[in-house]
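Me: Please show the model, and then take a few questions about it in turn.

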Amino acid sequence: MSVPKQLSTVVVDCADPAALATFYQKATGWELTHSDQDFASLGSGTPVQLAFVRVDGYEAPGWPGGAKYMHLDFTVADLEAAAEELLDLGASRPDFQPGEGQWIVLTDPEGHPFCLTTASAGD
């Protein structure tokens, strides 16, 4: 390919874009750049934006089973401290936790799984 491509936005399907954007805004500290009942986005000045779009009849992905097509990973300094902060913001911690302590799986308020890991976990 001769035309360079750059990922600009990861878009997440959901039932309530404004509420989910608020959760991730608090989780990341990123700026809320747009919010209405159908679409919300975060990340002015970040390399990649995170956006949320309302889908009628949205059904949360399952964890560990069920349909899911992707998840987000966040690098943190302290796994347990970060998990506790996110749980206080409305995340949930499923019983199934693979990875033998190298990462923690959480789900956001609409059921999307995401992982916390330390920089050293990937080394």
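Me: How do the residues of the lining of the largest pocket divide into nonpolar, polar and charged?

Reply: This is a predicted model, in which local features need pLDDT of at least 70, side-chain atom pairs count only at pLDDT 80 or more, and totals for chains, interfaces and linings use all residues. Residues are numbered from 1 along each chain as its sequence is written, and side-chain values use heavy atoms, with hydrogens and water left out. With Ala, Val, Leu, Ile, Met, Phe, Trp, Tyr, Cys and Pro counted as nonpolar, Asp, Glu, Lys and Arg as charged, and the others, Gly among them, as polar, the lining divides into twelve nonpolar, two polar and four charged residues.

Me: Which element gives the most to the lining of the largest pocket?

Reply: Strands here are DSSP runs of E, at least two residues, and helices runs of H or I, at least four, numbered from the N terminus. The most, three residues, comes from β1.

Me: Which residues touch the most other members of the largest nonpolar core?

Reply: A nonpolar core is a set of buried Ala, Val, Leu, Ile, Met, Phe, Trp, Tyr and Cys residues joined through side-chain atoms within 4.5 Å; buried means under 20% relative accessible area and exposed over 50%, with partly exposed in between (1.4 Å probe, protein chains only). The elements giving two or more residues to this core include α1 (17-28) and α2 (79-89). Of its 22 residues, those touching the most other members are Tyr-24, Leu-50, Phe-52, Leu-86, Leu-106, Phe-114 and Leu-116.

Me: Is Thr-117 buried or exposed?

Reply: Thr-117 is found in strand β7. Its contacts (heavy atoms within 4.5 Å), leaving aside neighbours within four places in sequence, are Phe-74, Thr-75, Val-76, Leu-79, Gln-102 and Trp-103. At 17% relative accessibility, Thr-117 counts as buried.

Me: What is the relative accessible area of Glu-100?

Reply: Glu-100 lies in the loop between α2 and β6. Its phi is near 50°, a positive value in a residue other than glycine. Glu-100 is exposed, and its relative accessible area is 83%.

Me: Which residues does a cis peptide bond join?

Reply: The loop between β4 and β5 (72-75) holds Pro-64. With omega about 5°, the cis bond joins Trp-63 and Pro-64.
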